Amino acid sequence: MEKENLPARATETGNYAIAKLRELRKQNSLIGEVRGLGLMIGVELVKDEERTPAAAEAETVRGALLRQGVLVGVGGVYGNVVRFQPPLIISRPQIDRAISAFAAALQEVAQPVHA
């Protein structure tokens, strides 16, 4: 861990991911808040401006991400926080891929596919 300076790298990479997710928040009203420390990142999903928890939507996003090969957790008091906890060695291109998958999952929730 010390040899590869993983704590500092996690801080730097986490800040990068949080900034990208906050940019995504500007384009998507389902995202209420992005918070985190290092690579432990939570994205709170809300239904409206009153910040009504979007728990079902968080579960749908988790399923959509799983289908795209991105593992996330869902938690928080109301079950509406998508949790990103990647390995400390994650690269920026891998973060970009995960955030692109997250954006696609949010679109899927916003406009569900009817079979």
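In the predicted model, Arg 92 is partly exposed, with a relative accessibility of 38%. Its side chain forms a salt bridge with that of Glu 12, at an N to O distance of 3.7 Å. Arg 92 belongs to helix H3 (residues 92-110) and Glu 12 to helix H1 (residues 6-27), so this contact ties together parts of the chain that are 80 residues apart in sequence. The pair was identified in a search of the whole structure, which finds 8 salt bridges.

A further salt bridge joins the side chains of Glu 23 and Lys 26, with N and O 3.0 Å apart. Both residues are located in helix H1, where a spacing of 3 residues corresponds to about one turn of the helix. Glu 23 has a relative accessible area of 42% and is partly exposed, whereas Lys 26, at 65%, is exposed. The value for Lys 26 lies above the cut-off, since exposed means over 50% relative accessible area.

Arg 35 pairs with Glu 44, the closest N and O atoms being 4.0 Å apart. This contact is part of one network, in which salt bridges with shared partners join Glu 33, Arg 35, Glu 44 and Arg 51. Within this pair, Arg 35 is partly exposed at 33% relative accessibility, while Glu 44 is buried, with a relative accessible area of 13%. Glu 44 is classed as buried because its value falls under the 20% limit.

Key: Residues are numbered from 1 along each chain as its sequence is written. This is a predicted model: local features need pLDDT of at least 70, side-chain atom pairs count only at pLDDT 80 or more; totals for chains, interfaces and linings use all residues. Side-chain values use heavy atoms; hydrogens and water are left out. Helices (H or I, at least four residues) and strands (E, at least two) are DSSP runs, numbered from the N terminus. Buried means under 20% relative accessible area, exposed over 50%, partly exposed in between (1.4 Å probe, protein chains only).
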